[in-house]
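The entries follow in the order in which I made them.

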Amino acid sequence: VCEWRAPETLKQMLDLEMRDTGESHQKLLQLCRDVIKYSVKTGHPRFFNQLYAGIDYYSLVARFITEALNPSVYTYEVSPVFLLVEEAVIKKMIEFIGWEEGDGIFNPGGSVSNMYAMNLARYRFCPEIKEKGLSGLPRLVLFTSEECHYSMKKAASFLGIGTENVYFIKTDERGKMIPEELEKQVQRARKEGSAPFLVCATAGTTVLGAFDPLDKIADICEKHGLWLHVDASWGGSALISRKHCRLLHGIHRANSVAWNPHKMLLAGIQCCALLVKDNSGLLKKCYSAKASYLFQQVKFYDVSYDTGDKSIQCSRRPDAFKFWLMWKALGTTGLEERVNRALALARYLVEEIKKREGFQLLLEPEYANVCFWYIPPSLRKIEDGPEFQQKLHQVAPVIKERMMKKGSMMLGYQPHQGKVNFFRQVVISPHVSREDMDFLLDEIELLAKDL
Ligand code: ABU
């Protein structure tokens, strides 16, 4: 999976210096080989480190095509095909959310989609902000769960809302936002004289893979007139599965949804859409700056296809094409099988963890995040308490170091919400088999046998 080298060693091994004269092709080939050798093979079936893994081969072909054509998706005149493809993909994603109509845009990352949504919600709340700026606004407050993605804080900071004005709502033992706590916090914000404007629910949290109760959250948003954004960057792909789409029950009531097909569906980084339930051109009204050298209003074709002004970007990659080509190749059924297979494999891993001594599940997962501790032999006789917890906290980092130095697999770990370091195994790639799950558990035992 990887050929680990420490940064200083790797700097010496790679010839990173850029010189006045160019290098020979032979040298360039060697450099390319080195780049490949020392890069992490995220397509390897034993790369379980992040919320993405593997690559769909059709989306890889799509990437070859777009890299060669080098388009920028802002006007129909330079990106006729890719603009139509993006429109078609957005339309189809909107159907799966359950909206009759809507709008959307592909962005460089789910964090950016969340930021777009936050800004859009604020724009709907006070449209004059676009011209007048922040001065004169009341203290705006938004709500999200304590398990939310860290982009919520970044967006609040970047947009001038302020991280103190993000109210983090308590979650239950499964990591889901507690609606009654949301209601309390909205009322608290109103009593404080601030202006609540947005609730961001999460469908598929980063660590635990939890899904917030969207229907109940939507009831509260409707009652208080708040924009509901669902960060389904990770969990959105469950919408494709008839077996698992119930995880997102109520998503059709959202005002906006972030959904990243580059995660569970393997559309290749980056492939991230922000979808908006709107038919009034809100995205364009909020973001457009009407550059006359790009978005001329007098053209020989229908300028409504020049959709780039809905974006805060100017140059923009044709990310929807990767998803479109693989959807064309696999059909909805193939995508559905991909989701079902990953979740079945996660379930297999859970059952194997339960059978093995020393492995302890954190919670029953509802998605592809399998969170567990490994308790090595020497700790099994120690009673649970501060000493045990402090020792357990050291275990996952040591195993991680050993697996990376050996190069046998990659698996994430973290401390989280007061719990000491535990592993988070993410099952995504269709190239992963039950044997890889067994290998993972065997390898942890092997790497930790002296701990
Ligand atoms: N956007 C979440 C990515 C981090 C992770 O893979 O855990």
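Entry 1, the ligand. I count a polar contact as a pair of N or O atoms within 3.5 Å. A polar backbone atom of Leu51 is 2.9 Å from an oxygen atom of the ligand. For His149, I found a polar side-chain atom 3.0 Å from a nitrogen atom of the ligand. On its own the ligand has 250 Å² of accessible area, and the protein covers 71% of that; I took areas from the Shrake-Rupley method with a 1.4 Å probe.

I note that the model is predicted: local features need pLDDT of at least 70 and side-chain atom pairs pLDDT 80 or more, while totals for chains, interfaces and linings use all residues. Residues are numbered from 1 along each chain as its sequence is written, and side-chain values use heavy atoms, with hydrogens and water left out.

Which residues surround the ligand? I listed Gln50, Leu51, His149, Thr206, Lys263 and Arg424, where near means a heavy atom within 4 Å. By class, I recorded 1 nonpolar, 3 polar and 2 charged residues in this shell.

I searched the whole structure and found 17 aromatic pairs, that is, rings of Phe, Tyr and Trp (its six-membered ring) with centres within 6.5 Å. Tyr76 and Tyr301 form a tilted pair, because their ring centres are 5.3 Å apart and their planes stand at 50°; planes under 30 degrees apart count as stacked, over 60 as edge-to-face and the rest as tilted. This pair links distant parts of the chain, 225 residues apart: Tyr76 is in the loop between α3 (57-69) and α4 (80-97), and Tyr301 is in the loop between α10 (282-287) and α11 (320-355). Helices (H or I, at least four residues) and strands (E, at least two) are DSSP runs, numbered from the N terminus.

Most residues other than glycine have a negative phi, and most peptide bonds are trans. I noted that Asn70, in the loop between α3 and α4, has a positive phi of about 50° although it is not a glycine. The peptide bond from Ile269 to Gln270 is cis, with omega near 0°. I placed Gln270 in the loop between β7 (256-259) and β8 (272-276).

Terms used. Polar contact = N/O pair within 3.5 Å; in protein donor to acceptor, adjacent residues only side chain to side chain. Nonpolar A, V, L, I, M, F, W, Y, C, P; charged D, E, K, R; others polar.
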